[in-house]
Amino acid sequence: MNTTDLATYNFAYLDEQTKRMIRRAILKAIAIPGYQVPFASREMPMPYGWGTGGVQVTAAILGPDDVLKVIDQGADDTTNAVSIRAFFQKVANVAVTTKTREATIIQTRHRIPEEKLTAGQTLVYQVPIPEPLRFLEPRETETRKMHALEEYGLMHVKLYEDIAKNGHIATTYAYPVKVEGRYVMDPSPTPKFDNPKMHRSEALQLFGAGREKRIYAVPPYTDVVSLDFEDHPFEIQTFDKPCALCGAKNVYLDEVVLDDRGGRMFVCSDTDHCEDRCANGHRGHLAYNKEAAE
Amino acid sequence: MYVAVKGGEAAISNAHRLLADRRRGDRSLPAIGIEQIVAQLGLAVDRVMAEASLYDRALAALAIRQSRGDMIEAIFILRAYRTTLPRFGYSLPVETGAMLIERRVSATYKDLPGGQLLGPTFDYTHRLLDPSLLGDEAIDAGLEREEGGEPIMRVSDILAGEGLVEDDGSLPDGHVAGDITREPLEFPMARDLRLQALARGDEGFLLALGYSTQRGYARTHPFVGEVRIGEVEVELDMPELGFAVSLGRIQVTECQMIAQFKGSAKNPPQFTRGYGLVFGQSERKAMAMSLVDRALRAEEFGEDIVAPAQDEEFVISHSDNVQATGFVEHLKLPHYVDFQAELDLVRRMRREYEAAQNVGTELPEAAE
């Protein structure tokens with residue numbers, strides 16, 4: 001019984017055949033923006049639901065010269081982002097960064113960086129449930145038909161019912177979009193705050209859903225329009241206060257509980273953006289305290 | 001005061017160090033060896049091989065040790081290794097009729113060619129804790145039957161002789177068996193793919209579904225035509241040589257479940273079959289698989305689809321425990337960005353609700 005001669009793993013873990021299969025799926029996805037391309041998702045050495053789709057897409061497109069950034073909840077230092085970044089350092093030995101503008105590939109879970117992405121960059125989204133119609137219709141056989149027939153009435157009815165019941169649309173993240181006037185697409189569970197950033201982005205956006213075995217894409221400069229009604233136009237979240245550390249306005253903020261007496265502070269969800277602003281002399285009202293704490 | 005949540009890297013490294021420590025446990029005890037796991041926890045090894053779809057006892061045992069005995073974790077580790085292996089080709093169908101049999105029982109015939117062979121079974125043991133296993137008492141070797149007995153024919157072949165049971169399923173000419181680990185799943189599935197998915201499906205999930213069919217949710221009146229456990233030869237066709245060569249033997253468990261069928265316009269009344277085939281010795285899994293396979297054939301037989309076990313998309317989409325555990329456990333990952341969006345929404349709806357309540361309480365006053 002010899003267990004010492006285990007095969008070594010290929011560059012970026014996946015074997016080259018698998019990478020070619022994934023690249024074919026990616027090319028098809030780019031050719032049909034917003035369409036979910038089935039692919040033979042592999043088991044990855046991290047659990048399903050933890051970014052295996054994004055990791056497979058990244059592994060398939062990653063080259064030795066790439067610079068990789070990984071974020072989760074907008075931050076480079078959340079545990080799962082740290083783990084995925086470490087994975088690619090280990091299996092691909094690529095350069096990594098936390099700087100949005102230095103990265104050629106950014107793998108993300110739940111956020112789009114605040115800084116505008118530029119041509120040549122690729123944003124890889126980790127997607128749990130790729131099907132925007134899934135919670136309206138649980139059957140894949142049905143939802144594929146609905147996409148084929150461009151039958152999206154059910155989604156509009158859902159949004160309408162929200163308005164009828166609550167006075168506004170009660171979807172705050174994974175807010176459905178229409179891509180290039182054809183496919184309704186799930187932007188992954190990013191807050192709807194980030195939806196406008198997808199529209200005509202200069203960067204290539206790739207979406208990988210490992211457990212559900214789907215890849216989809218938004219090529220650069222593609223129309224991505226959040227679903228809405230003329231009398232209830234799409235709106236993003238707004239925050240009353242700027243970031244407490246860097247003073248940024250019009251960015252997505254995390255709420256941090258300060259004490260057990262209801263104390264709260266709001267700070268940038270995008271840590272790189274926040275640190276960049278702080279380094280350039282921007283200060284929020286709690287910035288001094290933060291430095292004192294360090 | 002707030003300090004940014006830094007140090008994920010150090011935290012992970014420390015957590016893994018602690019995991020390694022806990023895995024090793026009390027250092028005054030010898031470490032458990034891979035050979036010991038293979039030899040003494042063989043059924044655990046079999047389950048890991050079956051649900052990881054990789055027949056390698058040593059690697060499965062390594063995975064079990066690495067996972068501290070967490071079976072799904074071990075299955076996961078082994079699968080993540082399997083998926084990186086290149087495909088050289090696909091073996092010929094194994095001939096389970098030629099199995100070197102260790103156990104074979106039939107519930108449909110009292111005696112039959114080849115006889116009933118109980119083999120190494122827990123059946124008929126009394127489940128009393130056995131203090132003698134606390135030590136290392138000498139254990140007698142098992143008895144072996146003499147070689148060269150009569151061939152052990154399959155029960156399905158006995159019934160087929162009378163034309164009372166359906167044939168082995170037929171697939172369209174030129175049908176090449178699929179590979180669910182290389183092609184994306186699509187519904188509806190052909191039976192070959194469905195059986196592949198069931199073969200690596202979670203034992204507990206299939207057990208519960210099979211059980212549900214016995215309790216009236218898509219009842220099929222099943223009988224165990226036969227369960228057989230033993231070794232079969234795996235052969236690979238070599239185009240260069242023009243004939244098949246043997247790659248070796250593997251142990252499998254096969255179950256042929258015989259179920260009733262009243263007949264239809266197309267088919268006469270006859271027995272139908274559900275099929276289970278699993279790596280290693282795993283009778284529970286093979287039996288559950290065969291019950292679920294039969295239930296999933298409802299549409300083929302024009303039966304009403306009324307129960308979860310008959311719903312292919314439901315069963316196959318949720319039978320894979322590596323997928324299931326990953327997605328369930330991902331809920332512990334941070335979701336604070338989305339939660340922030342929901343907080344904002346709930347606060348807003350709450351303000352609107354309270355505003356509406358206030359209007360409601362003021363109105364009666366206005367009427368006074």
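# Exercises on a predicted two-chain model

Chain B is divided into domain 1 (11-82) and domain 2 (96-121 + 149-169 + 179-321), with bounds that come from an automatic or database domain assignment. This is a predicted model, in which local features need pLDDT of at least 70, side-chain atom pairs count only at pLDDT 80 or more, and totals for chains, interfaces and linings use all residues. Residues are numbered from 1 along each chain as its sequence is written, while chains are lettered from A and ligands numbered from 1 in the order in which they are written.

## Exercise 1: Confidence

Find which elements of chain B have the lowest and the highest mean pLDDT.

Step 1. Recall that pLDDT is the predictor's confidence in each residue, from 0 to 100. Chain B averages 89, and 95% of its residues score at least 70.

Step 2. Go through the elements, which are DSSP runs numbered from the N terminus: helices (H or I, at least four residues) and strands (E, at least two). Helix α12 (residues 336-367) of chain B has the lowest mean, 80, and α3(B) the highest, 98.

Step 3. For the complex, the predictor gives an ipTM of 0.73 and a pTM of 0.84.

## Exercise 2: Two helices

Describe how α3 and α4 of chain B pack.

Step 1. Helix α3 (residues 42-52) of chain B and helix α4 (residues 57-66) of chain B have axes 9 Å apart, at an angle of about 105 degrees. Axes are lines fitted to C-alpha atoms, for helices over the stretch in contact, and angles run from 0 to 180 degrees between N-to-C directions.

Step 2. That angle makes α3(B) roughly perpendicular to α4(B) (under 35 degrees is roughly parallel, over 145 roughly antiparallel, 65 to 115 roughly perpendicular and the rest oblique).

Step 3. Now look at the residues that meet, among them B:Val48 and B:Met49 in α3(B) and B:Ala60 and B:Ile64 in α4(B). Residues are in contact if their C-beta atoms, placed from the backbone, lie within 7 Å.

Step 4. This contact of α3(B) with α4(B) has nine nonpolar residues, no polar and one charged. Ala, Val, Leu, Ile, Met, Phe, Trp, Tyr, Cys and Pro count as nonpolar, Asp, Glu, Lys and Arg as charged, and the others, Gly among them, as polar.

## Exercise 3: Where the domains of chain B touch

Work out which element of domain 1 of chain B gives the most to the side that touches domain 2 of chain B.

Step 1. The C-alpha centres of the two domains of chain B lie 29 Å apart.

Step 2. Ten residues of domain 1 of chain B are in contact with twelve residues of domain 2 of chain B.

Step 3. On the domain 1 side, α3 and α5 (71-82) of chain B each supply at least two residues. α3(B) gives the most, with six.

Key. Contact = placed C-beta atoms within 7 Å.
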